[in-house]
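Okay everyone, let's get going.

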Amino acid sequence: MKPMEPAAFAAAGNSINYADMLLLRFGEFTLKGKNRTRFEKTVLRHVKEILVPYPKVQLTKEFGRIYVKLNDEPAQELLYALKNVFGIASISPVKVSRSELEDILDVSARFLNIIAPAPGTTFKVNARRVWKEFPYGSIEMNKLVSTPLLKGYPGLIVDVNSPQLELRVEIRQEQTYIFCENIAAVGGFPLGTNGKAMLLLSGGIDSPVAGWSSMRRGLAVECVHFYSYPYTSELARQKVIDLTRVLSRYAGVIKLHLVPFTEVQTAFTGIGQDNLIITLMRRAMLKIATSLAEREGALALVTGESLGQVASQTLPSMNVIGRATPLPLLRPLVMMDKSDIVELSKDIGTYDLSILPYEDCCTLFVPKSPTTNPNLRIVDKIEATLPNYSALLDAAVALTETMEITPYGNERPESKAGTDERMKEEWF
Ligand code: ATP
Ligand code: MG
């Protein structure tokens, strides 16, 4: 996977341009023992997948951390991609020096020149002697490193409690790591560690954001999209494939189920209850998605609904629609403002696709005044009296086409052989 455009989350400062290595820190999983191991392994697998197009990179794993040695691969690109791996809380660009005093002082001085702190910046050195044979202790090293730096930058103000700039020096036997920036990454739970759900993915702004939010909580998702050929076009279908591809950057591979919905929709048009059509369509979607979830072993449905946004998203509507499925119905955006959802969709890279003006199957049959307060008894009665209704739903499930979407195109990369050999250490 190459870096995402636009880049999600805060950009790095200067030190990235000087880095030999990226230090990835796991989020606080609040888990111990076996579960923690499983979570860390999942993050590692995801990181390895991202590194496939960068063959020179080397990985090392330590408790709570992953080190990515760059070996001249592009630091900025890798930073953007790795910041989006769920379960990684922060990343530090690291400069590596030999574990010899002279070299450490030299690299620290050059490191500070790259950072170029403004006069008045508060500062401290935080040295840690991990390798106990190193001749100077941690406290001694704080002094040895900071003295020449303060001479070179007289505008720096020492603050040992909460400095703006903290130069970390970790002295290990093989090498010393020097870093100062702690760049916030996406955090959350490693993908798939909280089970799997079916995401109802329209071509709109909301549902891709709901999908990303679910994945960030550790849910693997499969996407379900309803289309109404020939009323919806090939372009609308391609748009959903492209949206799934953006989501797959965060997941490696995502299944997309394309459900033919024309027959089901047209069954609703002749019943003389136009204001209930949206309610009936949404319920039909949930019923079909439930069948697919059962088939695929998913334990919940996810939608992009947000309270009050449109007529089908008032509380009475959500109540009547939600009863169509026995599965937990997750609505990650339910309390979010539209403007925040739009921001998030820009960050995760789905916005530009979502605003393409291709029709959704629901917009085709929208009545002039959809109800905001549907009556469950009437809805139940309509569904019970529609001829062959359950057979119609079953047929839609049977005719569903499934694709596997990857960030690379329709296929998985040819071979991932070699990735494992790049692991320098085995652990767990
Ligand atoms: P979105 O921006 O996700 O389309 P929306 O605010 O436009 O959401 P609706 O069009 O009312 O809201 O749809 C509500 C939810 O129903 C969507 O977020 C999505 O989860 C699901 N949905 C709507 N249309 C489709 C479709 N054609 N295929 C799959 N799911 C759909
Ligand atoms: Mg929509």
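I'll start with the ground rules, then take the ligand, the helix pairs and a couple of backbone details.

So, this is a predicted model, where local features need pLDDT of at least 70, side-chain atom pairs count only at pLDDT 80 or more, and totals for chains, interfaces and linings use all residues. Residues are numbered from 1 along each chain as its sequence is written, chains are lettered from A and ligands numbered from 1 in the order in which they are written, and side-chain values use heavy atoms, with hydrogens and water left out.

Ligand first. Which residues come nearest to ligand 1? There are 22 residues around it, and Ser202, Asp206, Ser207, Arg282 and Gln309 come nearest; "around" here means a heavy atom within 4 Å.

Now the polar contacts, meaning pairs of N or O atoms within 3.5 Å; inside the protein, one must be able to donate a hydrogen and the other to accept it, and sequence neighbours count only if both atoms are side-chain atoms. Arg282 puts a polar side-chain atom 2.6 Å from an oxygen atom of ligand 1. On Phe226, a polar backbone atom is 3.0 Å from a nitrogen atom of the ligand. His225 has a polar side-chain atom 3.5 Å from a ligand nitrogen atom.

On to the helices. Helices (H or I, at least four residues) and strands (E, at least two) are DSSP runs, numbered from the N terminus. Axes are lines fitted to C-alpha atoms, for helices over the stretch in contact, with angles from 0 to 180 degrees between N-to-C directions.

Helix 8 (residues 277–296) and helix 9 (residues 315–322) have axes that come within 9 Å and cross at roughly 40 degrees. They are therefore oblique to each other; the scheme is under 35 degrees roughly parallel, over 145 roughly antiparallel, 65 to 115 roughly perpendicular, and the rest oblique. From helix 8, Thr279, Arg282, Arg283 and Leu286 meet Val320, Ile321 and Gly322 of helix 9, contact being heavy atoms within 4.5 Å. By class that's 3 nonpolar, 2 polar and 2 charged residues, where Ala, Val, Leu, Ile, Met, Phe, Trp, Tyr, Cys and Pro are nonpolar, Asp, Glu, Lys and Arg charged, and the others, Gly among them, polar.

Helix 8 also packs against helix 7 (residues 262–269), at about 150 degrees with axes 10 Å apart. So those two are roughly antiparallel. Helix 7 brings Val264, Gln265, Phe268 and Thr269, while helix 8 brings Ile277, Leu280, Met281, Ala284 and Ile288. The tally is 7 nonpolar, 2 polar and no charged residues.

One more pair: helix 5 (residues 206–216) and helix 10 (residues 338–348), at about 70 degrees, axes 9 Å apart. That makes helix 5 roughly perpendicular to helix 10. Helix 5 uses Asp206, Pro208, Val209, Trp212 and Ser213, and helix 10 uses Lys338, Ile341, Leu344, Ser345 and Ile348.

Last, the backbone. The Tyr229 to Pro230 peptide bond is cis, with omega near 5 degrees, and Pro230 sits in the loop between strand 11 (220–227) and helix 6 (234–248). Asn71 has a positive phi, near 45 degrees, in a residue other than glycine.
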